[in-house]
Amino acid sequence: TINRTISVAPMLDWTDKHCRYFLRKISQHALLYTEMVTTGAIIFGKGDYLAYNQEEHPVALQLGGSDPTDMARCAGEAQKYGYDEVNINVGCPSDRVQNGRFGACLMAEPETVAACISSMQAEVDIPVTVKSRIGIDDMDEYEDLTRFIDVVAASGCDTFIVHARKAWLKGLSPKQNRDVPPLMYDRVYQLKQQFPDLHISLNGGVKTLDDVQLHLNYLDGVMIGREVYSNPYILAEVDNRFYQDNAVIKTRAEVVMSMLPYVEQQIALGARPWHIARHMLGLFQGQPGGRIWRRYLSQNGTKANVGIELLTDALEVLLDAQSKAEQFQSEMIG
Ligand code: FMN
């Protein structure tokens, strides 16, 4: 069974396989979600949208879609690829997604989601889970949420990740929909009280592991999105603190070094170091030299013919800046 105490949110363009490989170097246990992949891309697309690295496990595929037949077919593909879970996106408010009739607008159609769950579960043995909001538009009462959960849970889904804010489908951009509607954690706590047998993870606005600890007093799991992306080293203490794993924590520099074989391997396969390094910009967030690291990578990452030295040089520049800062500090004290 999957331990969902801590998970990293699905984020389009951000949590691709390179990002997830990198995050896995920082935490061995947090559950990682893919970007949303639409059923259309999987069924009709030319690219291999499901490719990932074995090192990423445990990893969940997030699907965007609402046709039960297509969703079952794609869940089957996910299982064949070895994904540990398949998740349905019932939270994304973008226009393009609404036209496809999936994402957050499905909160108004719990029967459709339930039909998807049933057909997917008939196809696969891996868990089928749902990521939703607490409401949409004028369907934003607690009772609207419980009706959604009631219907979907009755189809056999026992795991919900709830972004603790509603989505305004008219008038707010996707980005605004992640910030403007207020967070209502109490709604999600109340849901867990009402449905104690369901696994309920909370998502939205979580910024520290102390926040996580607090939410875990009421809930089964916490999903973190933007904070992990902008400050990935937040995951460093997760294994010690939430998974009873006392493995030695890698320093930030060790994380960089541990990425080098992968970057080499990916370059050999035709990737550019920037495809990987762009997800590592925040690694030294809040540290001396953190801005120098970020700037070095951004300024050099997209140059032609840049190779593995992008990362080793960036690290050298950073360590140099750090030791200068330390020297200055000790001279001040001395
Ligand atoms: N949510 C999804 O369910 N599927 C997505 O593909 C997805 N893409 C996102 C892309 C970006 C760049 C961001 C910032 C968020 C995205 N989200 C997506 C929403 C996040 O999964 C999460 O619900 C939201 O950011 C709130 O959590 P946070 O405050 O911890 O970031």
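**Strands**

I looked up the sheet and found 8 strands closing into a barrel, in the order E1-E2-E3-E4-E5-E6-E7-E8, with parallel pairing. On average, neighbouring strands in this sheet are turned by 25° against each other, ignoring direction. I'm keeping in mind that this is a predicted model.

Next I checked where E1 meets E8. Strand E1 (residues 6-8) and strand E8 (residues 221-224) run parallel and are joined by 3 bridges. I also noted a facing pair here: Val8 stands opposite Ile224 in E8. A reminder to myself: strands of a sheet pair through backbone hydrogen bonds, either parallel or antiparallel.

**A helix over the strands**

Which strands does helix H3 lie across? I found H3 (residues 68-81) lying across E3 (59-64), E4 (85-90) and E5 (128-133). Against E3, helix H3 runs at about 160°.

**Two helices together**

Then I turned to H11 (residues 252-268) and H14 (residues 309-333). Their axes come within 10 Å and cross at roughly 165°. Angles over 145 degrees count as roughly antiparallel, so H11 is roughly antiparallel to H14. I logged the crossing of H11 past H14 as left-handed.

Which residues meet in this contact? From H11 I listed Ala253, Val256, Met259, Leu260 and Val263, and they meet Leu311, Leu315 and Leu319 in H14. Sorting the residues of the H11 contact with H14, I got 8 nonpolar, no polar and no charged.

Technical notes
Residues numbered from 1 in each chain as written. Predicted model: local features only at pLDDT ≥ 70, side-chain atom pairs only at ≥ 80, totals over all residues. Axes fitted to C-alpha atoms, helices over the stretch in contact; angles between N-to-C directions. Helix = DSSP H or I, 4+ residues; strand = E, 2+ residues; numbered from the N terminus. Parallel < 35°, antiparallel > 145°, perpendicular 65-115°, else oblique. Left-handed = near helix turned anticlockwise from the far one by under 90°. Contact = placed C-beta atoms within 7 Å. Nonpolar A, V, L, I, M, F, W, Y, C, P; charged D, E, K, R; others polar. Pairing = 2+ DSSP bridges.
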